[in-house]
Amino acid sequence: MTDVPAIIPAPQQCDLGEGRTRLDPEALRGLARELAPWAPRAARLASEIAPDTEPETAPDTAPGASSPAITARLDRALPAEGYSLDLSPESWTLTAADEPGAYWAVQTLRQVVARGSVPTLRLTDAPSHPIRGLMLDVARHFFGVADIERAIDLASRYKLNQVHLHLTDDQGWRLEIENRPLLTERASTNDVDGGAGGFLTLADYAHLQDYAEARHVVVVPEVDVPGHTHAAQVAHPEISPDGAAREPYAGIEVGFSSLHLTSEATWAWLEDVVGTLARHTRGPRIHLGGDEVLTLQRAEYHAFLERLGELVARHGKQLVLWQEAAEATLPAGTLLQYWTHEIDASALGEVARTRDVGFIASPAKHTYLDLKYDEGFPLGQTWAGTVEVRDAYDWEPVGALPGVPAESIHGVEACLWTETLRTWEDVATMLLPRLPAVASAAWGSPRDWEAFRSALQAHAHTWRAAGLPFYASPQIDW
């Protein structure tokens, strides 16, 4: 794989021909016209990147601008989201299984023509996992619409198709909920530092879904229950176990809060919360947390989750929970997100074999991009160690969940918690260059560390041009 161009995630197969040809940006506009009838989002992307591909002179580049014949076609016999590209000086042929496949093909083309010339190549590609995600915590520190759009752009550029927003936690509540104005009036005006906080209106949420859909990304909202609920109880003390008033919390401790699991007030509140999420979320899934509830007995926790699953099913959505929920009886099709090695993955394998649930792989030692790059790095935490670029790249989802059948692993998600991250620059620095590494595992790319290191160098050129901060890891020859 060392001869493959700087494509991230690396394609499943790529055969290079001889040399490169100077790019005529009109070829991208021609491709956009071919795609428009059946893949309009891919067509938009091709049109957008055309002005950014001014040719550069290179020693191995043939003189003159290429004017290839352009073909873009649909072939539903290909794997879902799969595509092929055949590029030569005479012709470009893009073939895709579906609209997402066409979009990912153009993202690949964007990378191979980034320096204004076109390699002669033939490649075929398709993802190994249907869910490839990035989770952004906007509860500990609030990040608004513009920053979430930037995160969506990065996710889509590396063929991630899901952005999971962690919208609530002990420190703040970040989404407007119908019939519950106190959640945004009282529970959103704080963050982990005691700062001003903020929240998304339902109009903001609709806009973000529009923005994501245009990039073949689905938005998955997370409201974390029954733990991580102190902020909700600031607004609604009646849903707490003792009903007592609470002050906003600034800190990073976890596990101390819980809802009153059986009160009518709690379930009326949950009806409003889940109902709002279900009505305003266009994708099939909503995430309801379920993690780090350290004050509850197992039986009452499981009973709560089972009732919660029934509520979600009644609203027509698929439930996602963190891995702690594995022992509960959950609706068919529930996804469990594996995050910590502290829980025996072999037990999760038994769950996968005997129940109709799937798994998302987010092992902290590889995908928690809020962990420090090294012990001396100024941002992030070290509770699960440190995560350098190679740690984020050089792993396999099946190996990370021993005992869980490969067919039960539906996806991979990178997670970015924001206890120590206050600005978009902080977020970008923690994502780059590790997000492309996790995206490679999520896509199921053939692993070649040396080729990936080389590809990152080329991608750093585009990050600099876009003003994106990134960490210059000593593992990469920048």
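Reader: Which residue stands opposite Leu-87 in strand 6?

Author: In this predicted model, Leu-87 faces Leu-121 of strand 6.

Reader: How many bridges hold strand 4 and strand 6 together, and are they parallel or antiparallel?

Author: Five bridges pair strand 4 (residues 83–87) with strand 6, in the antiparallel sense.

Reader: And what about strand 1 and strand 6, how many bridges there?

Author: Strand 1 (residues 13–22) is joined to strand 6 by seven bridges, and the two run antiparallel. Within strand 6, Val-118 is the residue opposite Thr-21.

Reader: Why is strand 6 described as largely enclosed?

Author: Of the nine residues in strand 6 (residues 117–125), seven are buried, so the rest of the structure largely encloses this strand.

Reader: Changing topic: how many salt bridges does the structure hold?

Author: The structure holds 23 salt bridges. One of them joins the side chains of Arg-180 and Asp-272, at 2.9 Å from N to O.

Reader: What does helix 8 lie across?

Author: Helix 8 (residues 264–280) lies across strand 9 and strand 10, and runs at about 170° to strand 9. Its buried residues include Trp-267, Trp-269, Leu-270 and Leu-277. The elements that the buried residues of helix 8 pack against include helix 6 (202–213), helix 7 (230–235) and helix 9 (298–314).

Reader: How do strand 9 and strand 10 pair?

Author: Strand 9 (residues 218–225) and strand 10 (residues 285–289) share two bridges in the parallel sense. His-287 in strand 10 is the bridge partner of Glu-222.

Reader: Which strands close into the barrel?

Author: Eight strands close into a barrel, in the order 7-8-9-10-11-12-13-14, with parallel pairing. From one strand to the next, the twist averages 30°.

Reader: Which residues have the most contacts inside the largest nonpolar core?

Author: Trp-269 and Leu-288 have the most contacts inside that core, which has 114 residues. Among the residues that Leu-288 touches are Val-223, Val-274, Leu-277 and Leu-308. A second, separate core has 36 residues, including Leu-85 and Leu-87.

Reader: Last topic: is Asp-137 buried or exposed?

Author: Asp-137 is buried, with a relative accessible area of 0%. This residue lies in strand 7 (residues 131–137). Beyond its neighbours within four places in sequence, Asp-137 is in contact with Phe-143, His-166, Leu-416, Trp-417 and Thr-418.

Reader: Which residues are linked with Asp-137 in a network of salt bridges?

Author: Arg-140, Asp-169 and Glu-419 are linked with Asp-137 in that network.

Methods: Residues numbered from 1 in each chain as written. Predicted model: local features only at pLDDT ≥ 70, side-chain atom pairs only at ≥ 80, totals over all residues. Heavy atoms only, no water. Core = buried A, V, L, I, M, F, W, Y, C linked by side-chain atoms within 4.5 Å. Buried < 20%, exposed > 50% of the residue type's maximum accessible area, 1.4 Å probe, protein only. Contact = heavy atoms within 4.5 Å. Pairing = 2+ DSSP bridges. Helix = DSSP H or I, 4+ residues; strand = E, 2+ residues; numbered from the N terminus. Axes fitted to C-alpha atoms, helices over the stretch in contact; angles between N-to-C directions. Salt bridge = Lys/Arg side-chain N within 4 Å of Asp/Glu carboxyl O.
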